[in-house]
Structures are given as structure tokens and as C-alpha cells.
Amino acid sequence: MTADGIVGEFLTLKSETDADLLAMQCGDFYEFFAEDAEFVGDELDLKVSEKSSHGSTYPMAGVPVDDLTPYLKALVERGYRVAVADQYETDGGHAREITRVVTPGTLLETTDPSAQFLAGVVAVDGRYGLALADVTTGEFLVTTTESAADVLAELHRFDPVEVLPGPTVDDESDLLARVRERTDAAVTDHDEAAFAPGRAERTLREQFGDAALDSVGLDHRASVAAAGAVLAYVEGTGVGVLGAMTRLQAYDPGDHLDLDATTQRNLELTETMHGGREGSLLATVDHTVTSAGRRRLREWLTRPRRDRAVIDRRLDSVAALSEAALARDRVREVLDDAYDLERLAAKATSGSADAADLLRVRDTLDVLPALASAVADSRLAESPLPDVVNRPDREAAADLRTELDEALADDPPKTVTEGGLFRRGYDPELDDLLDRYEGAREWLDGLADREKERTGITHLQVDRNKTDGYYVQVGKSETDAVPDEYREIKTLKNSRRYTTDELADREREILRLEEARGDLEYDLFRELRDRVAARAELLQEVGRTLATVDALASLATHAVGQDWTRPDVVESGPLVVEAGRHPVVETTTDFVPNGVSLHADRRFLLVTGPNMSGKSTYMRQAALIVLLAQAGSFVPARSATVGVVDGIYTRVGALDELAGGRSTFMVEMQELSNILHSATEESLVVLDEVGRGTATYDGISIAWATTEYVHNRIGCKCLFATHYHELTALADHLPRVENVHVAVAGDGDDGDDVTFLRTIEEGPTDRSYGVHVADLAGVPAPVVDRSRDVLDRLREERAIEARGAATGDDGETTQAVFDLSAGTMRTGTDGGTGGGEPEASLPADVEAVLDELESVNVEETPPVELLSKVQSWQRRLGE
Ligand SMILES: Nc1ncnc2c1ncn2[C@@H]1O[C@H](COP(=O)(O)OP(=O)(O)OP(=O)(O)O)[C@@H](O)[C@H]1O
């Protein structure tokens, strides 16, 4: 079906764009037609009506021109890309064209204060280029990484809203699948040609100039390709923010702590495992007063540093702010008045800033000198804070502030085309227009009184409305007295309206002056806005400064509130924490502090203890203390010496890992594999019950071999929680492995009370108290009782029979015996095959050991399993 008329035009424009939806301006409305109308009708609850066009009818839904933004936002934030076609005047009428495409990564109007990264990823010559642009602030970062896993880790840190995969990445379906699975980002196919390194480089040179680009030192064609493609995409969407992309920053992921995607999730840095923000580390420590400060704090927590000098500088500032309570309050009070300058700069460059926005720029520039005087406090003066505050060009900032102050009226209107924006004295031509306008207004204001006196009419007033323009209104009883030159224009119930030649002249003059004033002010406003836009870099610099101080003050506020301590950050090696706490759990629980001690002779702690006793919490707490220290924060502990690590890797219990069709155990092993490949001697590794997801003996073997590998080959700091008590024997064989356990009072047997003491003590534990936890969890009493029974028998015999359906007189029958020690089944009530019939002459236990020894196939049994068997035999014979 072809369509003519307005719907035809809509469909033609729609076919020209690859956007998901098109909003087309029709006079005072933006309209969606056909399928798009039905779609937005559903998504946004818009009323859908029928539009007849050349004999056919089409669904139609519209929003008033001035209300488009919130609707666009709603659609884009749900991941749709919306093209906007604007209407413009032509000689013979009007025409329409697509002026911009709004996408998640280029939505300038967002009200979400967090960073809105648009990411480009491309693989060139075996390496990955990654570019991250936030058009709302002008931040633009580029890097090169070695592997798809590194790309995923970086994407996780930045949490982009839109990802543009380059042509070669499209093939890496696993990477894209994981991006889709693990992030909320919209994935957009972008013109392949834009990723070609040659073209991408030209795009970059045009934007930043040769010198700037060369000085950034993009070290690989992959990063050039990614950055160029992102820039071309931003340009193509027509949102006009290229001007805000003032500097390209290449970064080396090696400057930051390596945190793979899984670890970022496991440590619940910005959201919890369940997806909420509440309860995350960020939400817990965030006391910032500005949205830019919050973005900065998030950046620090997701990208902690490795460079001690950087870390110490932050710590110096946090320490100073912690000690100087009054100055800290003053700093936060001053910052409270700041608006988001980085965002305002982007609004100015894109031409969407209004007069109120420029006033916000003025007011925020005012914050800088106030902040400078706040950090001049004697206790802060010695810290790095004055340097931070003096980094932007304070004089240029003050000049811009004065310029804005002298230009803009205090309470300007929202529209920028109708005048009223500027102060008197700003522009002589405008002043002249205003003088004349005011003269005309004065004449009008006095007209009623003058006419009353001249004509003797008492009920006479001068007014104005849209249809009649200016008029003189006279009450009906006195209309006989109106002078001859009054021309009647309207009769109302109790009065008549007149005009005169002079009034009509004055009216024309006023309208002309109003229009001239509107035009002139609009021009002046655009010039002023352009001058602000030209100083985008200055504004971004000031914005970043305010954000940094806000983040530092936030860290200090939390440190004081929770009694955190300054960590002693040392080059590498030890992690010694006295009375440490979990930074999040301590805010909601009566937390029992615990220490950690890892150093050259003690690198690996095997953590045992009952379920629910606090093993995971303890290990996460250690990881978070290291992470916080390297973010430049104080830490929850009485004292802490933190050797800088190059990465934190965790493998913790599976929650929702069944995604992507991979089994829980497969995911566990992939994560383990990634850790064993990535961790170095300088890393911190946290393993929570690795091997749990498979058969016991496989699990023990894997855990055993992993411990050996980490200890012997990687040599990193490691905390490993396990329920396999067999592993604790490793501490006797591997010199740097030590056992610790979570202490418990009571043994849980026969319904005994078990009290979790939450304290970590040296040495292994040999009980898991799982049955007790089952009882606590409300598992039915017969099951709990039977479990206790089974457990007792296991402890005594290390073998247990399985019970089946009733067949015999006793109501129960023993079908098979699982001999834990042998790992084999003996079928039948007679003790059956497998383990063999015990001889009467030897105790049954000894007999069982001998049988096993005989049946072991030395060639085919993995060494680890053999070792564990031998230990088990030794132990059993010892008993
Ligand atoms: N030091 C502590 N002080 C107070 N409460 C704690 C402490 N450590 C842990 N907890 C609380 O104990 C509960 C269990 O902790 P956690 O999940 O760490 O146990 P777990 O030993 O790892 O359990 P499982 O072996 O079943 O995985 C949590 O609710 C946690 O908040």
C-alpha cells in the first residue's frame, strides 16, 4: 500500500532512517503515524486516533511541540532510538527533514545524574579498542585492551547506556551476548565504514586537530578506530554536542586495579547481586551533595588506582577533611550551591542552554572562590586541597562569571525569543529599543487618565488582548460622549471597544519594538551562549574540581561517621588488618570485627567454618578494605596496612548464574579459569567454595589442585573458603598456606544450640553444622532428625545406607550402602559387591581400607585424589 499526503511523507522519512521510531513535526505537534503510533500509544499511554489520508486511515498519536522532550526521554531510556523530523518554512509553504536521531548514548536531555557513556568497541589486529564518550559531560576516554574479557570488565566499570560494536566484534558473538546479558546497554549497529582505522583517524583529526591527537598518543589502530567511530556516530545523530568533546584522553587500564566483571558484581560495588542500588558499597559510602560528585565517587570505587602517589594524595585530603570538622561542613555547604557544570557546558555547546542555565553557570562559578576560601582553613591549607581548587584558571572563571552577571536579568523567562533576558546597560542598541518601548508604554499607561479628563467619561479603560490588540473600552451608559475620532471595533454587553489612529500607530510601534527586542535579545543571547560554549573546557575543569572536592568530602564524612581509619598503603606485599569490618554489613548489623594477616610467609588462608557463620562476609571484607584503600578512602578497621595489589579476583557462590544456557558448574569453572589465567603475584584472589558445584570427589580434587597452583605458581594473596575439611590438611604441606576458621559455640548435635561467634581464629574447623542450619531454615523435623541420624552414622562408620520404600516386615529396607571412604556403592542388605565382604578376622574398618587399597587403579586415579585417599586411609587406620 502506498500512502500519499502527510502519512506518505512520514513513511518516506521513516524509510530514510534506521531509527526505531520517527516523531514528525506537524505544526504545533510532533506526530507518530502508522505502526509507530500504535507502538508509542502502548509504551507511553498516548491516545491513538485515526487519521484519514487519501482514502485510507492510519493510526496517529501526537504530543505538543513543547512536550516532546519527556516523551523522547521515556522512549530512549527504554532503549529505543527516535528520529525527529522538524518542519521549516519554505517559499511556497513548508517542508520537513530529519534533524536528529536521539539514542540512549546521545540523549542530552537526560535527567539521570549518572554518567551516560556511549561505548564503541572494535577488534583490530588481535587487540580491542574501546572508546567511551559521555555526551552529557564531554568526557571522552579511549583505551586498548588485550582480550574480550578485559573489554567486558571495562564496560562493567563504565556501565554504558549504549554500545556500538564494530564489524569485527559482531563476530565475537560471545562478547556481545555477554554485553547484552550483563549490562542494560542498548546495542546499536553502526555504519561499518566508520570503524575503518583510516576514516576514523580523519574524523578524530578534524575534531581535535593534529597536534592534540598526536599528543594523546593513541597507541594502537584499534583505539583510533573505536574513538573515530564513536565521534562519527555522535555527529551523525545531530545532537550538536561535538563542541563539548573538548579532549580525548587515552588511558591505560593498567593504571587501575584489575576488577573483572564478575568481581565487580560479587563485591556489590554499585549494585547488589539482586540488582538494586541500595545496599551497594557506593550507596553506603555516598554522602556527596552534587551529582557530579557522585559520578566522581562512583568512578573512584569502580576504578581504584595502583599508583601509590595518587592514592596517598587522596588519602591526605580525606585525612585533612576528616580532622577539620568545621571546615568540612563549610566545604559541603558551599558545594551544595553548585549545579552540574560539565552538563551545563554540554548544553551550552549543543545550543540547548536557556538563560536560567547560564545563570546556573554564573552561580556555580561563584562557588569556586567560596571553596577556595573554605580550603584556606589552617587545617586544610597543608593538604593537597588548595592545589585541587586552584587547578582551574580562577581568573578566567571570575571573568566569565562577571560577564554573565552583567548580562543576564535576575529572573529571565524560560523562552529565549521573547526578550526580558538582559539587564539594562548590557547592549546600547537594546537599551535604545527599551527606551523607546518604555516611552510608548508610558504613553499608553497614561492614556486612560488623559482621555477621561479630555472627554469627561468616567468608565474608560485602556487594555489589550490577542484578537482586538490595544483598545479603549467605554461603559455603555457613556458611549454617547465618545469623541468623533473613536472608531468602534466591538460591542460587548455592557461596554464598547474603540480604537483611534494614534492608538493604532502606537500599537504598531509597540509590536515592532517588541519584535525587534525579541530578535535582538535572541541574537545577543546566542552570542553570549556561544561565548560560554567557547569556554566549555574551563567549565568542565571547574566542574571536575568541584566534583573531586565533593567526593573527597564525602569519603571524609563517611570515615568520621563510621569511625574508619586511614590505611597505610605500601608498595606491595602485606595485607594486615586489625579489627576490620565489612563496610556495608557493619551499617546494618552489630558487627564483630576481625583481623586479617597476610604477608610473605603467609599468603593463603583456608577459611573453614559452619554455613552462615560469616566466611563470605570475612573474605569480602578483606577485598573491600583493599579496594577502598586503593580508591583513596579510609577503611573500616582499627588499623590497616595495605600492600597495593594489581587486581582483585573473586569467585563466589552462584546466585543467578544460569543465564546463557551455561550450567552453574560450567560458569564456576570458567570464572576459575579466568582467575587462574589473570592473577599475578601482586593480586588478591578470593575463592568461595570453589568446586562445590560438582560431585564431592571431583570438587575436592579441583579445590585441592587449585590451592596448589595458586600457592606454588601464582603466589598471590588468597582467601579460600571451603566446606571440604579434607583441604585443611594442605596447610601441613604447603608452607604459605594457613588455616583459619570462624568460631562457634555449641556443636549443634541433638538439637544443641549453636552460637555463631563471628570471630576468626587460627586453625581448621572440622564440622560444618549444615544440619543445624537446615533446622534453622525450617526444614521439616523428620528430615532434620533423620539427617542427624545419618550424620551420626557417617561419623561413626564413614558409610551410610540409603533407605528405600517399605517392602519387609520392619517397614524399611536397606537398598544400597554408600561407602563414603571408598566412594562406591554396595548394593543389597548384605553389604554386597563393591567393597567386598569383610572378613571376620579383621575389624570392618581396616578391612574396608584394605579393600579400597586393593581396588584403586593407580594409573587412572588423579594424583590429588590418590593423595586424599591415602590421607583418608591413614586417618581411618589411626582411628
Ligand atoms: N563479623 C560479623 N559480625 C556480624 N555479623 C556477621 C559477621 N560476619 C557475617 N555476619 C552475618 O552472618 C550471616 C552469614 O554470613 P556469610 O554469608 O558470610 O556466611 P558463610 O559462612 O559464608 O555462609 P555459607 O557457608 O552458607 O555460604 C550474614 O547475614 C552476615 O551479615
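Is Ala556 buried or exposed, going by its C-beta neighbours inside 10 Å? I looked this up before anything else. Ala556 counts as buried because it has 26 C-beta neighbours inside 10 Å. The rule I used is that a residue is buried if 20 or more other C-beta atoms lie within 10 Å of its own, exposed if 12 or fewer, and partly exposed in between, with C-beta atoms placed from the backbone.

**Ground rules**

I note that this is a predicted model, in which local features need pLDDT of at least 70 and side-chain atom pairs count only at pLDDT 80 or more, while totals for chains, interfaces and linings use all residues. Residues are numbered from 1 along each chain as its sequence is written.

**Entry: Ala556, continued**

I found Ala556 in helix α22. Helices (H or I, at least four residues) and strands (E, at least two) are DSSP runs, numbered from the N terminus. I then listed the contacts of Ala556, leaving aside neighbours within four places in sequence: they are Val318, Leu321, Ser322 and Arg328. Two residues are in contact if their C-beta atoms, placed from the backbone, lie within 7 Å. Ala556 and Arg328 are 228 residues apart in sequence, yet their C-alpha atoms are 8.3 Å apart in space.

**Entry: the whole protein**

I counted 30 helices and 30 strands in the protein. Of its 879 residues, 42% are buried. Among contacts with a separation of 6 or more, 67% join residues 24 or more positions apart. The domain assignment gives domain 1 (5-102), domain 2 (118-255), domain 3 (568-766) and domain 4 (799-878). These bounds come from an automatic or database domain assignment. I also noted that the C-alpha centres of domain 1 and domain 3 lie 56 Å apart.

I looked at α21 (residues 501-534), which has 34 residues. From first C-alpha to last, α21 reaches 49 Å, close to the 50 Å expected at 1.5 Å a residue. The expected span is 1.5 Å times one less than the number of residues in the helix. The buried residues of α21 include Leu503, Arg517, Glu521 and Ala533.

Next I checked α12 (residues 291-302), where the 12 residues should span 16 Å and the end C-alpha atoms are 17 Å apart, which agrees. How many of the 12 residues of α12 are buried? The count is 11, so α12 is largely enclosed by the rest of the structure. Among these buried residues I wrote down Arg294, Arg295, Arg296, Trp300 and Leu301. Their cover includes α4 (148-158), α10 (261-266), α11 (281-285), α15 (341-350), α22 (536-562) and α23.

**Entry: the ligand and the binding site**

I read in UniProt, in an unreviewed entry, that the feature "binding site" is placed at Gly609, Pro610, Asn611, Met612, Ser613, Gly614, Lys615 and Ser616. UniProt positions are given in the numbering used here, feature names are shortened, and annotations may be inferred rather than shown by experiment.

Which of the 15 residues around the ligand come nearest? They are Asn611, Gly614, Lys615, Ser616 and Thr617. A residue is near a molecule or strand if its C-beta atom, placed from the backbone, lies within 6 Å of it. The largest share of this shell, three residues, comes from α23. By type, the shell divides into four nonpolar, nine polar and two charged residues. Here Ala, Val, Leu, Ile, Met, Phe, Trp, Tyr, Cys and Pro count as nonpolar, Asp, Glu, Lys and Arg as charged, and the others, Gly among them, as polar.

I took two of these residues one at a time. Gly614 lies in the loop between β21 (604-608) and α23 (615-631). Gly614 is buried because it has 24 C-beta neighbours inside 10 Å. Not counting residues up to four places away in sequence, Gly614 touches Val742, Phe756 and Arg758. Lys615 is in helix α23 and is buried, with 24 other C-beta atoms within 10 Å. With neighbours within four places left aside, Lys615 is in contact with Val607, Gly609, Ala721 and Val742.

**Entry: loop residues**

I found Glu485 in the loop between β15 (469-475) and β16 (487-491). Glu485 is exposed, with 11 other C-beta atoms within 10 Å. Beyond four places in sequence, the contacts of Glu485 are Thr500 and Asp501.

Asp125 is not a glycine, but I noted a positive phi of about 45 degrees. Asp125 is in the loop between β7 (118-124) and β8 (127-134), and is exposed, with 10 other C-beta atoms within 10 Å. Asp563 also has a positive phi, near 60 degrees. Asp563 sits in the loop between α22 and β18 (568-570) and counts as exposed, with 12 C-beta neighbours inside 10 Å.
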